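Hi,

Here's the structure I promised to pass along.

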Amino acid sequence: MNELFLMAEEEMKDLKHPYVGTEHFLLAFLKKYNSFYLNYEDFKDYVIKVIGKSNICSEYILYTPILRRIKNDCQNVYECMIKILTDDDSIAYSLLLSLGVDIEAFYLSIVKNEIELI
């Protein structure tokens, strides 16, 4: 699971965002588990379209309060993703909705593959 948080940090750096948020964790998840409901490249393009990219890379690795809480509370990737997909305050959740992703179908695709994620 820590690998995904490190990958999320790399996504944050790549996009030159000032924080690591749920959208970065979701990007890391999609990159690692590319056979899931949503395509990594499509989601990353959408993150860039909606949030954009910066010109200056942050010197610090800062987590949003939501992702910090998820990191501290979850025991495995499955739990992290379920929290992200059920927290309507997270950026990832908002982006998924605005992209027209069926959150329930995405959730079910993760539940179906739970054994592989633990």
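A word on axes before the helices: they are lines fitted to C-alpha atoms, for helices over the stretch in contact, with angles running from 0 to 180 degrees between N-to-C directions. Helices are DSSP runs (H or I, at least four residues), numbered from the N terminus. This is a predicted model, where local features need pLDDT of at least 70 and side-chain atom pairs count only at pLDDT 80 or more, while totals for chains, interfaces and linings use all residues. Residues are numbered from 1 along each chain as its sequence is written, and side-chain values use heavy atoms, leaving out hydrogens and water.

Start with α5 (residues 77-86) and α7 (residues 103-112): their axes come within 10 Å and cross at roughly 170 degrees. That makes the two roughly antiparallel (angles over 145 degrees). Contact here means heavy atoms within 4.5 Å; Y78, M81, I82 and L85 of α5 meet I103, F106, Y107, I110 and V111 of α7.

Now the core. A nonpolar core is a set of buried (under 20% relative accessible area, 1.4 Å probe, protein chains only) Ala, Val, Leu, Ile, Met, Phe, Trp, Tyr and Cys residues joined through side-chain atoms within 4.5 Å. The largest one has 39 residues, and F25, L26, F29, F43, M81, L96 and F106 have the most contacts inside it. α5 gives the most to this core, with seven residues. Beyond its neighbours within four places in sequence, L26 touches F43, M81, A92, L96 and F106.

You'll find K16 in the loop between α1 (2-15) and α2 (22-32).

Cheers

Methods:
Angles under 35 degrees count as roughly parallel, over 145 as roughly antiparallel, 65 to 115 as roughly perpendicular and the rest as oblique. Buried means under 20% relative accessible area, exposed over 50%, partly exposed in between (1.4 Å probe, protein chains only).
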